[in-house]
Protein chains: 2
Amino acid sequence: MLTVLWADQEPVPADDRGLAYGDGLFETIRIEGRRPLLLARHLARLVRGAEVLDIPLDQAALGGALEEALVRHGRAGAWVLKLQLTRGSGGRGYRPPESCRPRLIISAHPLPAALPESGVSAGMTDYPLVVNPRLAGLKTLNRLDQVMASRDLDDSLYEVIMADPAGNLVEGTRTNLLLRYGDQWLVPPRSCLAVAGVMLGWVTDRLIACGETVVERPLVPSLLTSPHCRGLYLLNSVVGHVAVRSLGERDLPLDDGLATICGPLEELE
Amino acid sequence: MLTVLWADQEPVPADDRGLAYGDGLFETIRIEGRRPLLLARHLARLVRGAEVLDIPLDQAALGGALEEALVRHGRAGAWVLKLQLTRGSGGRGYRPPESCRPRLIISAHPLPAALPESGVSAGMTDYPLVVNPRLAGLKTLNRLDQVMASRDLDDSLYEVIMADPAGNLVEGTRTNLLLRYGDQWLVPPRSCLAVAGVMLGWVTDRLIACGETVVERPLVPSLLTSPHCRGLYLLNSVVGHVAVRSLGERDLPLDDGLATICGPLEELE
């Protein structure tokens, strides 16, 4: 059973566990007209998250709600579909009720501004990223770290990058990192990621399919000042990928390899 | 400005940031009739949390809403008042809006079952507690760790205790720990706590006022098997304190010192 709630039509019961404890998950999906991009990957992450959180998810009902959402909110051009899956209503107390009826909250949003082809400026935030290994990679509703770090954004910065307590770069508030380094592409170990981005997954699979070498390793800051550093990218499934032109005071080398390999965002399946 | 929402009368707008990201805080306060227990401590934690999260909190409006809540929900006997403070409505995107209107969601709940004077059984959970030092101690709406750990509760256990990644005992899902050890009382370092409990604060202040020695130190598991171990307590502001009679397979010594020192819960200011 799945309760579908259309956010433009009705509010959320005050006893929803998503509100009480962040007891749930979400996905934000880029839609071209009525065509979702990277849908299988978004749904796979949602399904895996529901398994980990032990939220019973009726996938047929989810699919039906998604189809209805595409009809209901479909429009010319690109937009963003947000799915929030909560454990549903549940009274007071952390312990999940023995039987719960999950709630799927569906909303449509405008597309953020397109990314400049010339790259973006980013900064480092000193707000540390601390990830519970049991929830690593899942897009849960517990996102205060991202909220807190994003307070260091200002109009001159497209993104701020969070480091783990050891000082290794892990991810932006809403983007994953990809570093072109010598003849390799480096990404932080999956087990350290707060959110394992759908675009990160697609891009690394694409790189590997093109014969490139993708390596998971901690992104120690000295990698960025090495002569092997060819460029740092930010990845996000709604806006695609963009090169980081400067990180704080430091100018970074600009690499244009990724655009060639990936092709236009709009054409992703 | 503070939007007050009575949970028994109206639902929550779907764009509330508490739901979207857990962008907020909460308190659960024991009320005797119309008299809140440990109110100053609850409010101090809420105010401090709002400062850290940079949620502008109109304390006069908060006080007014609280008074209204006590009249509205006041009843004979004890009950629980829950206050949820969110950053309010805020669209899509982690970055808080430049100006926000916080929302205070107020609800009343029955008192949980009283604690047995003879002590309780607890277990260890292998779900690790990982705390971001910037949010340590604050009762934020990001409580998935507690939800996940509480899945290890069963009807035979009153509580499960979480350890940090190093294996030190830190806290229960809804209780703080206090260990009577030799002639000292040990508590985990404050900087490690997910939630710095109001009852923990009251009890340690009371112990110190009575001339007892309270020491913050990591609760390594071997402390529990030492001959100096005199008893382990669980503390919670709604139900008080209780001795742990057994932790997993191990029986613990039972100490009755705390009840003598603290007096009846109902008489707390």
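This is a predicted model: local features need pLDDT of at least 70, side-chain atom pairs count only at pLDDT 80 or more; totals for chains, interfaces and linings use all residues.
Local features need pLDDT of at least 70, side-chain atom pairs count only at pLDDT 80 or more, and totals for chains, interfaces and linings use all residues. Residues are numbered from 1 along each chain as its sequence is written, chains are lettered from A, and side-chain values use heavy atoms, with hydrogens and water left out.

In contact (heavy atoms within 4.5 Å) are 22 residues of domain 1 and 21 residues of domain 2. The two domains bury about 1,700 Å² between them, 63% of it on carbon and sulfur atoms; buried area is the accessible area (1.4 Å probe) lost on putting two parts together, summed over both. Of the area that domain 1 buries against domain 2, A:Phe26, A:Arg41 and A:Arg45 supply 38%, more than any other three residues.

One salt bridge is counted between the domains, where a side-chain nitrogen of Lys or Arg must lie within 4 Å of a carboxyl oxygen of Asp or Glu. The side chains of A:Arg41 and A:Asp205 form a salt bridge at 2.9 Å, N to O.

On the side of domain 1 that touches domain 2, α1 (17-21), β2 (24-32), α2 (39-53) and β4 (78-86) each supply at least two residues; helices (H or I, at least four residues) and strands (E, at least two) are DSSP runs, numbered from the N terminus. The largest share, seven residues, comes from α2(A).
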